Amino acid sequence: MKIQIHKKSTVPIYLQVSTQIAGSIQSGLLMPNEKLPSLRILADELSISVLTVRKAYKWLETNGYVTVEQGKGVFIRKKVNKTLQVDSSSNWQQTLGINIVRSQYLINREQLKYDFSKAVVYPRLLPNKFLADEMQKLLRNDASILTTYGPVQGDFELRTEVVNHLYEFQKIRCSANDLIITSGVQQGIDLVAQALLKPGDSIIVESPCYGGALDIFINKGIHIIPVEMDEEGIRSDLIEDLCIKFMPKLVYVNPAFQNPTGISMSNDRRKELIELAQRYNFFILEDDSFSDIYFEQSIQYFPLKYYDQSDHVIYIKGFSKTLAPGIRIAALLANGPVLEWLLAIKASMDVGSPLLTQKAILPFLRTDRMRSHVEKLRIALQIRRDTSVNILSSLSDQLDCRIPDGGFNLWLTFHESNLDIFDLLRKANKENISFLPGVACYNNKADVASLRISYSLVSENDLSDGLEKLCTIIRTR
């Protein structure tokens with residue numbers, strides 16, 4: 001059980017502790033009848049007083065989450081309230097526990113046969129052998145690459161190839177000096193959060209949102225303002241009033257086949273967001289992990305960075321998902337002083353991303369292999385999307401399924417608003433099935449009757465078998 005304490009926060013420490021434990025209970029990470037650590041043990045672990053822990057446990061008891069048995073300890077109740085109630089003055093800390101423990105809940109689970117919980121590509125669809133051969137070739141030619149630190153900014157040859165790639169596929173003009181190679185998109189988001197934000201700063205995110213980004217912002221004590229989406233993406237008409245009220249420093253968006261909903265932001269909406277950034281002087285963090293995986297040739301979206309004339313957009317392009325998740329390569333594009341801030345943070349974080357993996361993908365980017373590979377990947381994933389939609393259509397009386405034009409995910413919303421998603425997940429797990437509960441994609445909701453299905457990770461046969469089994473579970477729950 002991981003608990004984050006922010007001692008500079010205005011929210012009492014006991015309330016930070018109690019809400020995170022309550023979030024663990026809500027998410028299923030802490031099970032009924034499970035015993036909590038003793039007052040002394042938890043106080044020592046968190047470097048806080050026993051009195052503070054006692055107060056946190058008292059809050060949990062008062063709100064119906066635990067029972068205190070004299071001489072035995074504190075235990076999770078068999079049944080607890082569905083909604084986490086917290087004093088409204090606690091703002092972002094209301095949900096500090098919910099999102100952290102939900103991500104842990106999913107990360108720590110063993111991979112099941114029918115794994116629909118991860119937006120990762122089926123290994124046989126990736127160029128594993130080519131990349132392995134390239135790494136072996138590099139090591140044979142120069143084994144010292146293992147003993148060499150790469151530049152903090154990233155290998156210059158790779159940055160040069162990424163420049164060409166961004167222009168060819170995204171129509172973005174930049175130079176190698178504008179790029180930083182990061183260990184995946186996640187590190188890029190973390191760099192931006194560390195460079196631009198401090199505890200208490202306000203940011204705007206899509207709602208629902210990529211859970212990995214939410215965890216980064218929550219862990220840093222950021223005030224998160226969720227803004228709902230429509231079919232054109234995040235609602236820019238709601239952002240202006242929020243800018244006046246909260247003066248956000250950053251807006252985080254995933255505009256191409258958004259994770260988790262699959263929605264793509266319209267070009268008009270992208271231009272509106274750029275205009276708002278210029279007017280209210282906030283940065284936009286554009287997470288581009290999925291734009292290469294489109295299924296309709298007629299659809300053409302330009303990145304927000306394409307429209308950026310005033311250096312308000314920080315753009316992150318991920319390569320791991322389409323090449324090899326284990327390689328962990330992304331490129332972060334920024335301009336002006338922000339680039340120097342990001343470099344300084346990265347230097348203190350890792351002294352440079354691994355050189356071997358950077359060199360290994362160079363041949364892939366330099367030849368037609370990348371284009372050919374991505375074209376085949378699009379076809380394979382479109383087949384999986386269509387298979388998934390066809391099977392899930394049998395549940396149209398119980399849920400709505402949004403059909404994306406690209407990406408890896410389907411977003412399902414149940415008509416029954418009080419559905420217990422975690423109970424459904426437990427039943428699915430017994431049949432070797434996993435999915436992502438929708439609650440992991442919100443920062444302020446404990447009850448969400450939605451889930452995300454990733455059709456990318458399993459084989460076609462397992463996809464069909466697993467979804468048929470899941471449909472049966474949903475019908476008979």
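Two strands are taken as paired if DSSP finds at least two bridges between them. In this predicted model, strand S9 (residues 283-288) and strand S10 (residues 313-318) run parallel and are joined by five bridges; within this pair, Asp 287 has Ile 316 of S10 as its bridge partner. Helix H13 (residues 337-349) packs on the sheet, where it touches S9 and S10 as well as S4 and strand S11 (330-333), and the direction of H13 makes about 25 degrees with that of S4.

The sheet in question is open and comprises eight strands with mixed pairing, arranged in the order S4-S11-S10-S9-S8-S5-S6-S7.

Among the helices, helix H16 (residues 369-392) packs against helix H18 (residues 460-476) at an angle of about 20 degrees, the two axes lying 10 Å apart. Since angles under 35 degrees count as roughly parallel, H16 and H18 are therefore roughly parallel to each other, and H16 passes H18 in a right-handed crossing. On the H16 side the contact involves Ile 383, Arg 384, Thr 387, Ser 388, Ile 391 and Leu 392, which meet Glu 460, Leu 463, Ser 464, Leu 467, Glu 468 and Cys 471 of H18. By residue class, this contact of H16 with H18 divides into six nonpolar, three polar and three charged residues.

Ile 145 lies in the loop that runs between helix H5 (128-141) and helix H6 (156-170). The relative accessibility of Ile 145 is 11%, and this residue therefore counts as buried, the cut-off being under 20%. When neighbours within four places in sequence are set aside, Ile 145 is in contact with Leu 139, Leu 355, Leu 356 and Lys 359. By contrast, Ser 236 stands 91 residues from Ile 145 along the chain, and the C-alpha atoms of these two residues are separated by 47 Å.

How values were computed: Residues numbered from 1 in each chain as written. Predicted model: local features only at pLDDT ≥ 70, side-chain atom pairs only at ≥ 80, totals over all residues. Heavy atoms only, no water. Helix = DSSP H or I, 4+ residues; strand = E, 2+ residues; numbered from the N terminus. Buried < 20%, exposed > 50% of the residue type's maximum accessible area, 1.4 Å probe, protein only. Contact = heavy atoms within 4.5 Å. Axes fitted to C-alpha atoms, helices over the stretch in contact; angles between N-to-C directions. Parallel < 35°, antiparallel > 145°, perpendicular 65-115°, else oblique. Left-handed = near helix turned anticlockwise from the far one by under 90°. Nonpolar A, V, L, I, M, F, W, Y, C, P; charged D, E, K, R; others polar.
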